[in-house]
Amino acid sequence: MPSTREQSPAERRKAWIARSFDLASDSYDEANGPFFNPVGERLVDLAGLRPGDRVLDVGCGRGAVLFAAVAAVGPDGYVAGVDLSPAMVRRTAAQAAGAGLRNVSVRVGDAEDPGFPDGSFEAVLSSFSLVLTPDPAAALARARRLLAPDGRFGTTSFGPDPEPAWREAVRVLRGFADPEAAGAYARPFNALADDPEGMLAAAGFAGVRTVEGTTATEFADLDAWWRSAWADGHRGVLETIPPDRREEARRAACAVVAPLAGPDGRLVRRTAVRWTTARRG
Ligand SMILES: C[S@@+](CC[C@H](N)C(=O)[O-])C[C@H]1O[C@@H](n2cnc3c(N)ncnc32)[C@H](O)[C@@H]1O
């Protein structure tokens, strides 16, 4: 008989994450790669990968960390990616295959139990993914066990907002969505986003340190920003905006960021990013 067990809140949240990123997956890299890809490349640099290392990218999405890690570890290394979103996985696996990369594997998997034996990796990295999962402490504990002795861990999160208008525009947009969906997923980030260093230390990592920086992402015009707003984890909520109100929503949200446009219509969004790295300890 089919199981009638109800999903737990954590399972529902993971299903929601998977659906949001499935929907966003076709435009994520084109619309938001200019932000996520350089952040992933910097995480790889800070993790100090060596040729031949085995690396796990947790919540690999469209490969911002994964492809930079492949370049860093070279043909004798190996990079695995896991992600909750089957569509993200399909697209990233196809990109790796298209590039002829034989030392990459990408599969559907959960950060809280990625399904590899203990000690499998010299590095476990995760950019803007562990901040979404329902139980970040469980994911960090698992990541630490997956590391070989002296293995390195790295993750990213957002720092204090230097330009609140961008967040405000998304808030305005979410105001047009179904209140139940917007309410249930009102807070996209977990406790790791608030205190990455404290949570890594509590998980037993050593040598925890954070590098802070500000990225600048350019949008050719308001339409480019609008496309990017629909190509990330908010997508599940935005999808509930009734089609006959989307134009009104677009105008209201764009009005918030329009004053930031230069005379040529271009916009530059500054975002504070924290790269937190550690050793297995
Ligand atoms: C904002 S995207 C970041 C993707 C990529 N790391 C990057 O920097 O572009 C977040 C990704 O994390 C994935 N994700 C969230 N929670 C996860 C979990 N518990 N296990 C695996 N993947 C997860 C989502 O499906 C999504 O693809």
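**Ligand shell**

Tutor: The shell around the ligand splits into 11 nonpolar, seven polar and two charged residues. Here Ala, Val, Leu, Ile, Met, Phe, Trp, Tyr, Cys and Pro count as nonpolar, Asp, Glu, Lys and Arg as charged, and the others, Gly among them, as polar. This is a predicted model: local features need pLDDT of at least 70, side-chain atom pairs count only at pLDDT 80 or more, and totals for chains, interfaces and linings use all residues. Residues are numbered from 1 along each chain as its sequence is written, and side-chain values use heavy atoms, with hydrogens and water left out.

Student: Which polar side-chain atom lies 2.6 Å from an oxygen atom of the ligand?

Tutor: One from aspartate 83. Serine 129 also puts a polar side-chain atom 3.1 Å from a ligand oxygen. Alanine 111 uses a polar backbone atom, 2.8 Å from a ligand nitrogen.

Student: And how much of the ligand does the protein bury?

Tutor: 98% of the 590 Å² that the ligand exposes taken alone (Shrake-Rupley method, 1.4 Å probe).

Student: Are phenylalanine 128 and aspartate 150 buried or exposed?

Tutor: Phenylalanine 128 is buried, at 9% relative accessible area, while aspartate 150 is exposed at 63%. Buried means under 20%, exposed over 50%, partly exposed in between (1.4 Å probe, protein chains only).

Note on methods:
Polar contact = N/O pair within 3.5 Å; in protein donor to acceptor, adjacent residues only side chain to side chain.
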